[in-house]
Amino acid sequence: PIVVDKTALKENVAKADTALAATDKYTEDSLKKLQDVYKQYAGVLNAEDATQEQVNEANKAIKEALSALEEKKADDSDAKSDDSKDTETITKMKSS
């Protein structure tokens, strides 16, 4: 059988997990983009029949979303108000 290398994808999914949990660090918009990409490609990591091409595409998309994350500025007024909602969403995502 063809061996598909998911090492880089696993690393980037782990980075995405960490970033998605850091709702106080990144802007809501940039986290939402990462979350959308994460949802779209999370299945590839667990898919037994994923091709290397699919893995590479998922990895590239997650990597791009990670590099597009925008850190919140110290004066962001919404830094505290939306945190609980974001955390709930991520928790639901992980459990499904």
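The following questions and answers concern a predicted model of a protein chain.

Residues are numbered from 1 along each chain as its sequence is written. In this predicted model, local features need pLDDT of at least 70 and side-chain atom pairs count only at pLDDT 80 or more, while totals for chains, interfaces and linings use all residues, and side-chain values use heavy atoms, with hydrogens and water left out.

Me: Which pattern does the protein chain follow along the sequence?
Reply: Helices (H or I, at least four residues) and strands (E, at least two) are DSSP runs, numbered from the N terminus. The protein chain holds four helices and zero strands. Read along the sequence, the pattern is therefore α-α-α-α.

Me: What percentage of the 96 residues in the protein chain is buried?
Reply: Relative accessible area, computed with a 1.4 Å probe on protein chains only, sets the classes: buried is under 20%, exposed is over 50%, and partly exposed lies in between. For the 96 residues of the protein chain, the buried share is 39%.

Me: Among contacts between residues at least 6 apart in sequence, what percentage joins residues at least 24 apart?
Reply: A contact means heavy atoms within 4.5 Å. Among contacts in the protein chain between residues at least 6 apart in sequence, the share joining residues at least 24 apart is 76%.

Me: At roughly what angle do the axes of H1 and H3 cross?
Reply: Axes are lines fitted to C-alpha atoms, for helices over the stretch in contact, and angles run from 0 to 180 degrees between N-to-C directions. Helix H1 spans residues 7-21, and helix H3 spans 52-67. Their axes come within 9 Å, and the crossing angle is roughly 30°.

Me: How many nonpolar residues does the contact of H1 with H3 have?
Reply: H1 contributes Ala8, Leu9, Asn12, Val13, Lys15, Ala16 and Ala19, and H3 contributes Val55, Ala58, Asn59, Ile62, Lys63 and Leu66. Ala, Val, Leu, Ile, Met, Phe, Trp, Tyr, Cys and Pro count as nonpolar, Asp, Glu, Lys and Arg as charged, and the others, Gly among them, as polar. Besides two polar and two charged residues, the nonpolar residues in this contact number nine.

Me: How far apart are the axes of H1 and H2?
Reply: H1 and H2 pack at an angle of about 145°. Their contact includes Leu9, Val13 and Ala16 of H1 and Leu34, Gln35 and Tyr38 of H2. By class, this contact has ten nonpolar, one polar and two charged residues. The separation of the two axes is 11 Å.

Me: Is Tyr38 buried or exposed?
Reply: Tyr38 lies in helix H2, residues 28-46. The C-alpha atoms of Tyr38 and Ala16, 22 residues apart along the chain, are separated by 7.5 Å. Because its relative accessibility is 13%, Tyr38 counts as buried.

Me: What is the C-alpha separation of Gln35 and Ala65?
Reply: Gln35 is placed in helix H2 and is buried, with a relative accessible area of 12%. Gln35 and Ala65 are 30 residues apart along the chain. The separation of their C-alpha atoms is 8.7 Å.

Me: The backbone oxygen of which residue does the side chain of Lys72 reach?
Reply: Lys72 is in the loop between helix H3 and helix H4 (83-95), and at 15% relative accessibility Lys72 counts as buried. A polar contact is a pair of N or O atoms within 3.5 Å; within protein, one must be able to donate a hydrogen and the other to accept it, and residues adjacent in sequence count only if both atoms are side-chain atoms. At 3.3 Å, the side chain of Lys72 reaches the backbone oxygen of Thr23.

Me: Is Val3 buried or exposed?
Reply: Val3 is found in the segment before H1. Val3 and Thr51 are 48 residues apart in sequence and 9.0 Å apart in space, C-alpha to C-alpha. Because its relative accessible area is 75%, Val3 is exposed.
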